[in-house]
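Hi,

Here's the structure I promised to pass on. Have a look at it first, then read my notes below.

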Amino acid sequence: MRSVREAAQGIRRAPLLSGLSITAIGLSLFIVGLFALTAHNIDEALAGVESRVEVVAFLREGTGEELAGIARAEIEGFPEVAEVRYVSKVEALYEASRELTEFSDVFSDLEVNPLPASLELAFRDGYRTPEDVERVAERLRGYDFVEEVRYGREWVDRVFALRRVAAGGALVLGGAFALGAILLIGIAVRMAILARSREIAIMQTVGATDAYIRRPFLIEGLVTGIAGGLLALGLTRLAYEIVTRSLLAMSWLPDIWIVGGILFAALLGMAAASRAVRREIRRIQAG
Amino acid sequence: MILFREVTRAFDRSTPAVRDVSFHVRKGEFAFLSGPSGAGKTTILKLAHMQLMPTRGEVRVSRYSSARIRRRELPELRRRVGFVFQDFRLLEGLTAAENIAFALECTGTPRAKIEPRVGRLLGQVGLAARARSFPRELSGGEQQRVAIARALATEPLVLLADEPTGNLDERATAGVFELFRRINASGTSVMMATHDAELIRRHPDIRVIELEEGALVFDSREDGAAEPGAHGDRL
């Protein structure tokens, strides 16, 4: 109770500095929030197209259906693979003529079916990263009777790269602001300690534990962190509303990300306060 | 109770503040720590309170040794060793009672026990009527009594006092000193730094440990009979 009261006093004592600390945390997490919003929406878009992405292994001319059946069973055993469909030469021709109606005459006039038989692979949820697809493709290429493996993943790779850039940007910019926030919280806590150095010296003299002395300052850091986190949440929500109303419909961040973000802000505030208080308390004792 | 064994404490490469000091203050004993300003009296008290650690040698207080004590044990030691300052060091924004309660609160005394104990302590130092007065409303002697009550709050085995009468007039000095004697009579060891030669002369029964330039130059108990006049004149 005393700790909470004194933490509130600490914030009241230097409202400008506390406000600056909260703003710094808020801005750093707002940047992270914007990138998180982008990354989350890219994820959602990816999930939609990914479920439709297939890998197709074209079989060599003359591969028997029996061999293809055995391979199919084996490939279905891969952890990444949900389903394998065998498409015979005849089926391939039929599908081609049906899908490409403008060429239906060309297909019906053919004397020899030029289309190869193939195996079409669908992937399990959670196994659709470029690395998973590439690994499966590589294994398929290992079969003698597989002529060629194709997958339209190049653009997905590019989207993934974009996502990585978003994450990297959030890390660098958010990190820079977070560092600023840590320094500001440190200054705020140091000022609060300075204002109470006489009290702290008496506490040390009569035998208060370091934990007891530190507690109000840690609470001050925690409150500053949470306030900064809430500010970031508000700003991110504002940006989301503006974009959704004027540009394109986006989906809002998952709850777990929001809770995680606020917890992170709280920890950031407490860690910054802890660093400052540890050093200052030792200095008071040494004096 | 307080044992100094060949203790040296240096702050830099120049002359150490305390050098090679050895003495033993027993349980229930009262000792003056005397000597001119800069002789090392405050350093000795800070060493006994383990605010400072010896550069060489060992300080033992009760069961705590400077050679082995861990940082997290220091609060425990400080509760066993009360400290009184020359300038009282009361919190101006708190009343006399609150200043004492503050010490109890920050050492984890249950809330219900604080009030009765503060009342008892104020009674013990003769300030029951001034419980609600702020430090600025109290005389120097009264402020020092509050500080003593605060130092006694954790029921220490030893009371260290750094020139506790240095800021007081003669009458207040006599009253505060009597208080220390009463506290000592109840079994608490007292080590009091003072350069008040007159105070020492008036109490020839009290042991005198005298320092000069950081070295122990006289110990009335080790030297046999105290000769307060002789060394008192040198103060």
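**The sheet in chain B**

In chain B, Thr8(B) sits opposite Arg56(B), which belongs to S4(B). A quick word on the source: this is a predicted model, where local features need pLDDT of at least 70, side-chain atom pairs count only at pLDDT 80 or more, and totals for chains, interfaces and linings use all residues. Residues are numbered from 1 along each chain as its sequence is written, while chains are lettered from A and ligands numbered from 1 in the order in which they are written.

Strand S1 (residues 2-9) and strand S4 (residues 56-61) of chain B run antiparallel, joined by 5 bridges. (Strands are DSSP runs of E, at least two residues, and helices are runs of H or I, at least four, numbered from the N terminus; two strands pair if DSSP finds at least two bridges between them.) The open sheet has 4 strands with antiparallel pairing, in the order S2-S1-S4-S5 (chain B). Strand S2 (18-25) and strand S5 (64-65) of chain B are at the edges with a single partner strand each, so one side of each has no neighbour in the sheet.

**Where the chains touch**

How many residues does each chain bring to the contact? Chain B brings 15 residues and chain A brings 11 residues, with contact meaning C-beta atoms, placed from the backbone, within 7 Å. On the chain B side, helix H2 (74-80) and helix H3 (96-105) each supply at least two residues. H2(B) gives the most, with 4 residues.

Enjoy!

Note on methods. Two residues are in contact if their C-beta atoms, placed from the backbone, lie within 7 Å.
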